[in-house]
Amino acid sequence: MSDREAFVARFGGVFEHSPWVAERAYDRAASAGLTAGSVHSALCNAFRAASPAERRAVLKAHPDLAGKLAIAGKLTADSRAEQASAGLDRLSPEEHQRFTQLNKAYTKKFGFPFIIAVKGLTKDDILAAFERRIDNSAEEEFETACAQVEQIARLRLKSMLPGDENA
């Protein structure tokens, strides 16, 4: 396995189901060293340099919060742990219904699922952000969702490469 293949195998899932981000980031990341900060910077630069359609595909690769994949147990390990940390695996029937309604309305309006870095948030924090952001314009929400994807990547990298305070 080449160094590039090993890098993509290790970091290809940081941007949900989008190993092409790691593939494009490899040269920059390899020359900067493997710290959470340097890998995050390289991945984010590759993500930002992508076309709007490619970035939208990354957004679409994310699961609905507390959605069908979560119920079926088909989330990636990272997504499952992230959603569980916010209590999204322990919703009341009423809370689950509200998330389902918001997921449908949001996806219909924007064409991709609601994305938020859930670490440190409660289900109530997430619902409040959901209800606030659903009124955003399409352009504003695309940029917000992309920023949230980058935040999720940063958090994932910090757990993969601990000890890097600059991440």
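What volume does the largest cavity have? The largest cavity has about 110 Å³. This is a predicted model, where local features need pLDDT of at least 70 and side-chain atom pairs count only at pLDDT 80 or more, while totals for chains, interfaces and linings use all residues. Residues are numbered from 1 along each chain as its sequence is written, and side-chain values use heavy atoms, with hydrogens and water left out.

Start with the cavity (on a 1 Å grid over the protein atoms alone, a set of points where a 1.4 Å probe fits but cannot get out). Points are joined across faces, edges and corners, and a volume is the space filled by probe spheres set on them. The whole structure holds one cavity of 30 Å³ or more. Its lining (residues with an atom within 4 Å of a point) numbers 13 residues, and His62, Leu65, Glu82, Ile116 and Ile152 are the closest to the centre. Helix 6 (77-85) and helix 9 (138-160) each supply at least two lining residues. Helices are DSSP runs of H or I, at least four residues, numbered from the N terminus. Helix 6 gives the most, three residues.

Now the largest pocket (an open set with protein on both sides within 12 Å along at least five of seven lines). The largest pocket holds about 250 Å³ of space. Glu82 and Ile152 are among the residues that line this pocket. Others in the pocket lining include Asp78, Lys119, Arg156 and Lys158. Here helix 9 gives the most, with five residues.
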